[in-house]
Amino acid sequence: MASGTTPELVPRRTQEERRSEAENALLDAAAQLITEKGIHGASLAEIGRLAGYSRGLVNHHFGTKDALISRLIERSMRRYQHGVAREKGENGLETLLARARWYVDAYLQRTIEHPALLVMWGTALASDTDGTPVASADALARRLIEESIKLGQDDGSINAEIDLEASAYVLVGMLRGIAAMNMIKPGGLDVDRIRTAVLKSVRTALQA
């Protein structure tokens with residue numbers, strides 16, 4: 001350091017910033033291990049080790065594995081909701097298509113969270129697993145689709161006779177099925193072709 005100069009001070013992180021950083025690192029590690037080993041195969045000790053923390057810190061932040069999984073789903077759906085909500089078109093149909101396009105791209109590009117969500121959704125089918133957090137996430141996904149369809153019916157871009165609830169189930173099921181198939185055969189789906197087919201199907205089925 002040159003004489004007479006003052007060292008540049010690095011602002012200290014607040015306790016809340018450190019806590020948030022640790023929680024996100026642990027949730028990222030949990031998502032990776034759940035994708036690789038399933039919910040039952042991802043232990044708290046492994047999650048802490050992968051994130052660079054101790055199991056004790058995992059327990060401190062989340063308490064139990066179920067609480068950690070619930071938080072992971074909550075964070076994933078919050079990010080999903082923010083991502084989808086930003087997608088808007090000139091009318092309800094175009095908004096719905098933009099949101100379907102976002103979903104396809106997000107899942108087929110295999111971000112750190114989305115494969116884990118699919119694994120957790122599959123695990124929730126088992127009778128000994130609490131599926132409440134996954135069911136809540138499902139409800140949110142359908143609600144966002146229903147909102148787009150209702151917007152399109154109000155502005156005349158979507159057939160007014162379309163059943164909101166049933167259409168949301170069909171669309172979410174189609175998108176999730178495509179994402180699951182991509183997990184089974186990573187890189188085996190042509191994203192551009194799949195995206196084009198999805199958007200064409202939605203437009204044909206719903207447009208006024």
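1. Overall make-up. The chain holds 9 helices and 0 strands. Along the sequence the pattern reads α-α-α-α-α-α-α-α-α. The model is predicted, and the points below should be read with that in mind.

2. Of the 208 residues in the chain, 40% are buried. Take the contacts between residues at least 6 apart in sequence: 67% of them join residues at least 24 apart.

3. Length of H8. Helix H8 covers residues 164-184, which is 21 residues. At 1.5 Å a residue, H8 should span 30 Å. The C-alpha atoms at its ends are 30 Å apart, so expectation and model agree.

4. Buried face of H8. Which residues of H8 are buried? They are Ser 167, Ala 168, Leu 171, Val 172, Leu 175, Arg 176, Ile 178, Ala 179 and Asn 182. These residues cover an arc of only 150° around the axis, so they sit on the same side of H8.

5. Partners and the opposite face. What do the buried residues of H8 pack against? Their partners are helix H5 (92-108), helix H6 (114-123), helix H7 (132-155) and helix H9 (191-206). On the other side of H8, Val 170 and Ile 184 are exposed.

6. N-terminal end of H8. Asp 163 caps this end. One of its side-chain oxygens lies 3.1 Å from the backbone nitrogen of Glu 165. Glu 165 itself belongs to helix H8.

7. Crossing of H1 and H3. Two packed helices are described by the angle between their axes and the distance between the axes. For helix H1 (residues 15-37) and helix H3 (residues 55-62), the axes come within 11 Å and cross at roughly 110°. Angles of 65 to 115 degrees count as roughly perpendicular, and H1 and H3 are therefore roughly perpendicular to each other. On the H1 side, the contact is made by Arg 19, Ala 22, Glu 23, Leu 26 and Leu 27. H3 contributes Leu 57, Val 58, His 60, His 61 and Phe 62.

Technical notes:
Residues numbered from 1 in each chain as written. Predicted model: local features only at pLDDT ≥ 70, side-chain atom pairs only at ≥ 80, totals over all residues. Heavy atoms only, no water. Helix = DSSP H or I, 4+ residues; strand = E, 2+ residues; numbered from the N terminus. Expected span 1.5 Å × (residues − 1). Buried < 20%, exposed > 50% of the residue type's maximum accessible area, 1.4 Å probe, protein only. Arc of directions from axis to C-beta. Contact = heavy atoms within 4.5 Å. Polar contact = N/O pair within 3.5 Å; in protein donor to acceptor, adjacent residues only side chain to side chain. Axes fitted to C-alpha atoms, helices over the stretch in contact; angles between N-to-C directions. Parallel < 35°, antiparallel > 145°, perpendicular 65-115°, else oblique.
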